[in-house]
Amino acid sequence: MISGSNENNQDASPFNLISSFLGPSAISPVSTFAERHSREEQQKERTECARIGDREREVKRFLHFQHRIIIFSKNRPWQLQQLLRSMSLDSSLNIRELNIFIICKLTSDYELGYSKVKDEFDHLTWFYEDSGDGKSSFRLLFEKALREPLSNLRAGTDTESNVNSESLVMFLTDDCIFLEPVENVIESAKSVFRNSRTFGFLTRLHPGITHSQTKDEASPPPRSHLAYHETGNELKAFVYPQRYGSKEFSYPFDLSGGIYPRKTCIDILNEIERVHSSNDITNAKKVGYLHPNTLEINGNNAILRIQNERKGNCHIEEKDLLAIPSQPTLLVLAINRVQNIYKAPIAIASFSNGGMKTEQQGRDSFTPELLSTYLENDFHLDLSFYKLLTYNSSHIGDVVLQHCTREKIHETKRSKVALSVLMPVHTGPPSASDLAIKSILYQTLEDPSILPIQIVLVDDRCRDGSIERMLKTARDFDREHQQLYRPFLRIRNSQDSNCYDLS
């Protein structure tokens, strides 16, 4: 469902929302096209030169502030490799100037795998945890990656005085994969942080996220409070007050794709240390961040304390906004679990083998040992598959593979959408809306050439619950008929609307 519509946002009109979903071919209004096209042709040469100049200036500014990316990995070298490849680190000249730190914890069985990944990405900074003497503990390595001046960590970088004010920190776990180049993500995040009230940029979320896989419950976005933010590049954003977010959208400190000003991260760390200070570094509960999971949990608790106490000695108190991308940008491949701090559920693949070929072996089958064989045999994720589909949860269980030197061995047979049904919804009532969606879902389709069908619900400031009723009806239909119709019926969410694909 398209979110962020409001009375004062011209771009959020139903017609413009439909146009944005369909893409460049849906231009409105038609009467203004010729005039606009003429102006664009006249300015094409001038603007092209200007864009090149703006890009060069932006690259210099990008390099100047030296942003940091901190990645956490444990016994999953293959998944780490897939994450790093999905970041498109070789797609631009300046991306190598990002300061990427990888904090690894591994047993001897995975030393060879990590060595292979390190050889491929030798320009990154690698840290290895040593659980023996504590001199290379997670806590100390994390503080080094976050706090220490870059001039001490990498040769040729700017001094500390140059990176304090606007430098950002992005956190990633090794089960993440990007759908957009990381450079675009950082640039969009930089744009939203120009508003001093913005606390964080949550890369794994977008307006189409409606379900929390980790808690197995609905997690709707704060639709009526999303404000569109023009970032100046292809990846746009939405901003909303944190107090209106719930479930996934009220989790401010996220190590799976969260981006924050470096000063904010240091303030959070200082608050954790204030409450959990201890000389005993083996006690994770006292120290507060001897493990990525305890860091995330205690970090969110620290934010709540700071915001509730409001003592006036921390700038976090003034940050009440969260930002998310306007489209799917990052997924979490929740196919195994390597930590015992938090028992996160394993995600199950969302499609059946009848519709596409895939590595799909059930719960707990994608063990790190099995995935290490993928690393040895040069199999990697087919990222084009994940970019084709859109999920209503950021945590997924689909694994689709390619071979580095051969053709795809697991590929989707899904074709492009053959028919789109657009339904703007302003006022139902819910009972009428329920009948409307049923009238489409229960159509008898004698011609398979019109499949797959896509149903797009456009939220035209609906306030009476009609949208929610239609979503429930569609999901109930999917559940009741999945044995009969699968693999022909599938329900998914798009980034800007609730989009139901019958494929």
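**A buried serine and its surroundings**

Reply: Ser394 has 1% relative accessibility, so it counts as buried; buried means under 20% relative accessible area, exposed over 50%, and partly exposed in between, with a 1.4 Å probe and protein chains only. Keep in mind that this is a predicted model, where local features need pLDDT of at least 70, side-chain atom pairs count only at pLDDT 80 or more, and totals for chains, interfaces and linings use all residues. Residues are numbered from 1 along each chain as its sequence is written, and side-chain values use heavy atoms, leaving out hydrogens and water.

Me: With which side chain does the side chain of Ser394 make a polar contact?

Reply: Ser394 sits in the loop between helix H12 (383-388) and strand E15 (395-396). Helices (H or I, at least four residues) and strands (E, at least two) are DSSP runs, numbered from the N terminus. A polar contact is a pair of N or O atoms within 3.5 Å; within protein, one must be able to donate a hydrogen and the other to accept it, and residues adjacent in sequence count only if both atoms are side-chain atoms. At 2.7 Å, the partner is the side chain of Arg204.

Me: In which order do the strands of the open sheet with E15 come?

Reply: Two strands pair if DSSP finds at least two bridges between them. Strand E13 (residues 330-333) and E15 run parallel, joined by 2 bridges, and Leu333 stands opposite Ile396. The open sheet has 3 strands and mixed pairing, in the order E5-E13-E15.

Me: Why is one side of E5 and of E15 left without a neighbour in the sheet?

Reply: Strands of a sheet pair through backbone hydrogen bonds, either parallel or antiparallel. Strand E5 (176-178) and E15 each have a single partner strand, so one side of each has no neighbour in the sheet: both stand at the edges.

Me: How many residues of helix H3 are buried?

Reply: Helix H3 spans residues 77-86 and is largely enclosed by the rest of the structure. Its buried residues include Trp78 and Leu83.

Me: Which hand does the β-α-β unit of E2, H4 and E3 have?

Reply: Strand E2 (residues 99-105) is largely enclosed, because 6 of its 7 residues are buried. E2 pairs with strand E3 (residues 125-128) in the parallel sense over 4 bridges. A crossover is right-handed if, with the strands pointing away from the viewer, the path from the first strand over the helix to the second runs clockwise. With helix H4 (residues 111-120) between these strands, the unit is right-handed.
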